[in-house]
Amino acid sequence: RTSIGEEFGLPQGEVVTEKLVSAIKKLGVYKVFDTSVGADFTTTEEAGEFIEKLRSGRGPCFSSCCPSWVKYIEFNYPEFIPNLCTSRSPQVMLGGLIKTFWAEKEKIDPKNIIVVSIMPCVSKKDEVRREEMKIDGLWPVDYVLTTRELAYFLKKNKIDLKTIEPSEADDPFGRPSGAGVIYGASGGVFESALRTAYFKITGKNLENVAIKELRGQEGIKREEIKIGEKTIKAVVVNGIKNAQKMLEELKKNPKSFDTMEVMACNGGCIGGGGQPVPTNAAIKKKRAASLYEIDDKKEVRLAHENPALKEVYVNYLTS
Ligand code: SF4
């Protein structure tokens, strides 16, 4: 939402979410949902898993929504696979909800639904073909296009993001919380999870939801965060090389930290390989700043308060 505009000559970091909805519909897509709503579900599940790992002493807990990072662990540090969070990434979470909850609600045979994700990298194409992602024999996501590939299709069809009229994404998965939106920037996944973990542990919402210490493009960010009686040692990592350093540290001291977010791309998905080029530190800063601005302005800034979650958990998953 804060990068594709660059492909159409719009200022770096300009937010084009609603223009994108109209443009995608013009390509002939029936419904446009927002992957950040999937992120709200991932956050809520992840926060629960994090707390469980913390209480049972089976930590630390690693983020798992970057498929490049997951592959890196599988190939190079398989002994740490149990530390990876099992919650599905936002695109797979949303695809799964579309082909189960939404298909049932709309009385559509999920076999007749084609889900296309717009993603920041090619790694996400590999993620959706992992066998364990299937639900009742169906892939939650059928195709993945990178940001640049979508821009190519739009241009080919003479659809210009600069001039198109904006429109809103569709219900019930069209309105993400601020926590879901900041997933795209390094530190965003953990910040979102922490907002919800705080609620799950204390029964209260954080007064100041913005955890700015975890933001930015620095290679390794360490922070001690107090939740109730507990102090959480959190690490947020940019780039695989830095992740390797932290895994080596963990081998020497298993209590070194409680949780670690890793994004293979520096700056997080806003700097992904499928994003518009050029991508440099200054451009990534603008893309991230726009995500945080969206979050600041949102009425709902906590994943667990997204009404879509309440609807699915109360009326579907627990029924
Ligand atoms: Fe893809 Fe990079 Fe985001 Fe990982 S951090 S999901 S590799 S864009």
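## Basis of the description

Residues are numbered from 1 along each chain as its sequence is written, and side-chain values use heavy atoms, with hydrogens and water left out. Because the model is predicted, local features need pLDDT of at least 70 and side-chain atom pairs count only at pLDDT 80 or more, while totals for chains, interfaces and linings use all residues.

## Helices α2 and α11

Helix α2 (residues 35–56) packs against helix α11 (residues 307–317) at an angle of about 60°, and their axes are 10 Å apart; helices are DSSP runs of H or I with at least four residues, and strands are runs of E with at least two, numbered from the N terminus. Axes are lines fitted to C-alpha atoms, for helices over the stretch in contact, and angles run from 0 to 180 degrees between N-to-C directions. The two helices α2 and α11 are therefore oblique to each other, a word used for what remains once angles under 35 degrees (roughly parallel), over 145 (roughly antiparallel) and 65 to 115 (roughly perpendicular) are set aside.

On the α2 side the contact involves V37, D40, F41, T44 and E45, which meet A308, L309, V312 and Y313 of α11, where contact means heavy atoms within 4.5 Å. These residues divide into six nonpolar, one polar and two charged; Ala, Val, Leu, Ile, Met, Phe, Trp, Tyr, Cys and Pro count as nonpolar, Asp, Glu, Lys and Arg as charged, and the others, Gly among them, as polar.

## Helices α3 and α9

Helix α3 (residues 67–76) and helix α9 (residues 240–252) cross at roughly 45°, with axes that come within 11 Å, and α3 and α9 are therefore oblique to each other. W69, Y72 and I73 of α3 make the contact with I240, A243, Q244 and L247 of α9, a set that divides into six nonpolar, one polar and no charged residues.

## The sheet

Four strands, in the order β1-β6-β5-β4, form an open sheet with mixed pairing, two strands being paired if DSSP finds at least two bridges between them. β1 (61–62) and β4 (220–227) stand at the edges with a single partner strand each, so one side of each is left without a neighbour in the sheet.

β1 pairs with strand β6 (residues 259–263) in the parallel sense over two bridges, and C61 has T259 in β6 as its bridge partner.

## Around the ligand

The ligand is surrounded by C66, P67, S68, P120, C121, K124, M263, A264, C265, C269 and G272, a residue being near a molecule if one of its heavy atoms lies within 4 Å of it. By class, this shell has eight nonpolar, two polar and one charged residues.
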